[in-house]
Amino acid sequence: MKKTTLAAMAALFLLLSACHPPAPPAESPTPSQSLESPPDAPSPGEPLPSPDTLAFPDFLKDFTFLRADALVTGGDSLEYITYWLSPEDLAGVREALQMDTWWEATDVPAMGMESSFALYDEEGRSLTVNPWDEEKCLILAKRDNDGFLYFAPISVLERYETYLSGLNFLPDFVRYFEFDQINVNHTPAEDGDYFIDHNVYLLDDAQQLSLLAALSPDTWTAAWDQEELTVSWYATLELLDLGGNKIVLVDWGEEKCLINCFFSCGGPVVRYWAPASVLAKTQEQINELSLLGRINNEAEWYYDLFWNDPGFPLLGAMAGSSGSISEDQMAAYTLAVLGHEGSIDFELGISAEAFDELTFKHFGKKLSSYDTSMSKVLPSGNVTATGWDSNYGLHPILTGTPETNSSGSTTAVFRLYTLDDALWFDGNLDPSRLNHAKEYLLSGKDSGYPQPQKVEITFRVETEEVYGLQREYLVYESLRLAEQETHD
């Protein structure tokens, strides 16, 4: 199908925007419609018939469609993005569709077809527009179980696609605003790959609504002038939600600011221009907030120390009431570390000597038997896992003040949060969601997260040289399950 330049821009804009469209109404047709008619389709080279006077069904004549879906492709997936239509938009859509050029399609063979564009009304009635050949498109109007088929010149599809490109699409994560973290005053690091030295604020529900009002998304316009955006810019404000979506505001002078929308699913960024007053009003809202209440470098240091130990999640999850570390725990910890480091083929196992080296390093002893509920001895004499999954993490949050024991070890109490599902996206741990959870948990505002365990850990922090650098590691003496935390 031939496309105008603006239509091509529309396709690009749709690709930028495809992540989380609302689901179609329950009564709406599925994207793939089976079209039943006699099997005599005209060949693409035949001249188009003259439009006849058609008796359109009432829902087409009244034209009360409120939602427009556009099909986009991303890799192997097919997804829809959604435009919500105003009364003015309805008039523009109707004009673009040029219904007076349609003619009845009575010669469409039975076949499956993906609808490229669809319109829906409140009753779930729909209108889908699909490319057919170089000269015409196919239109299916559906009401309950009744379907009406029409052909129209291919220009109808091109005009409709072009009209959609002029609508100001707003990502759903902005429309359904749930941003609860703001980072302010970013400074680029020397290599330019990340930002440092920012203040962090957390928002409650009322503050989120106030911030959305300050952002005034109804004043945004799509930033098409890409040449202007090639200059270097630094983030002024950064808004994040728990889903990994992000809005970045950039100061662009006295008249306007730049708003960048980053989707958690990755891909290009959707950019908008907004009046400079939007940034000013947003900063005024932030001035009313309190900084994140976690200016506790010790708590963050312990968080990173335990989080970076790949064996800790299993060890902490298996903590008991006695405080002693069992051989099951030692075996699980050792195999989790070996698996994380890629130092073990679980089918071949690892030698008992290499296994002992790691247990001595982190527990000061070796197992009395390698046959535990978590480990087993292979016929070769090597040790391997019995079959379990360690694909989750515990987030340790320091409570109270750590105590130094006479032996030089440290005893501290931690809340251990399990947030595995919330931090993964598309099969991978999402760094933005992980950082968001860390900031949120260290603030003490843990409402909505699963109830944590409270564990008392006695440990030492030792150092070793790895590739010429000093690295800290943990030696565990005991883990004792303390009383459970409760939530209001």
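Let's start with Val248 and what it touches. Leaving out residues up to four places away in sequence, Val248 contacts Trp233, Ala235, Leu237, Glu238, Leu258, Ile259, Asn260 and Phe262. This is a predicted model, by the way, so every value here is computed from predicted coordinates.

Where does Val248 sit? It belongs to strand E16, residues 246-251. Is Val248 buried or exposed? Buried: its relative accessible area is 4%, and the cut-off for buried is under 20%. One more distance for this residue. Val248 and Arg271 are 23 residues apart in sequence, and their C-alpha atoms are 9.5 Å apart in space.

Now the whole chain. We have 488 residues, and 47% of them count as buried. The secondary structure comes to 12 helices and 26 strands. Take the contacts with a sequence separation of 6 or more. Of those, 65% are between residues 24 or more positions apart.

Next, a helix pair. Helix H10 covers residues 327-340, and helix H11 covers residues 352-363. Their axes are 10 Å apart, and they pack at an angle of about 110 degrees. Angles of 65 to 115 degrees count as roughly perpendicular, so H10 and H11 fall in that class. The crossing of H10 past H11 is right-handed.

Which residues make the contact? From H10, we have Met330, Ala331, Tyr333, Thr334, Leu335, Val337 and Leu338. From H11, we have Phe355, Leu358, Thr359, His362 and Phe363. By type, that contact has nine nonpolar residues, three polar and no charged.

On to a sheet. Four strands form an open sheet, in the order E21-E22-E25-E26, and the pairing is antiparallel. Which strands stand at the edges? Those are E21, residues 394-404, and E26, residues 469-481. Each has a single partner strand, so one side of each has no neighbour in the sheet. From one strand to the next, the twist averages 40 degrees.

Look at E25 and E26 together. E25 spans residues 453-466 and runs antiparallel to E26. How many bridges join them? There are 12.

Last point, and it ties helix to sheet. H11 lies across E25 and E26. Relative to E26, H11 runs at about 75 degrees.

Conventions. Residues are numbered from 1 along each chain as its sequence is written. This is a predicted model: local features need pLDDT of at least 70, side-chain atom pairs count only at pLDDT 80 or more; totals for chains, interfaces and linings use all residues. Side-chain values use heavy atoms; hydrogens and water are left out. Axes are lines fitted to C-alpha atoms, for helices over the stretch in contact, and angles run from 0 to 180 degrees between N-to-C directions. Helices (H or I, at least four residues) and strands (E, at least two) are DSSP runs, numbered from the N terminus. Angles under 35 degrees count as roughly parallel, over 145 as roughly antiparallel, 65 to 115 as roughly perpendicular and the rest as oblique. A crossing is left-handed if the near helix is turned anticlockwise from the far one by less than a right angle, and right-handed if clockwise. Contact means heavy atoms within 4.5 Å. Ala, Val, Leu, Ile, Met, Phe, Trp, Tyr, Cys and Pro count as nonpolar, Asp, Glu, Lys and Arg as charged, and the others, Gly among them, as polar. Buried means under 20% relative accessible area, exposed over 50%, partly exposed in between (1.4 Å probe, protein chains only). Two strands pair if DSSP finds at least two bridges between them.
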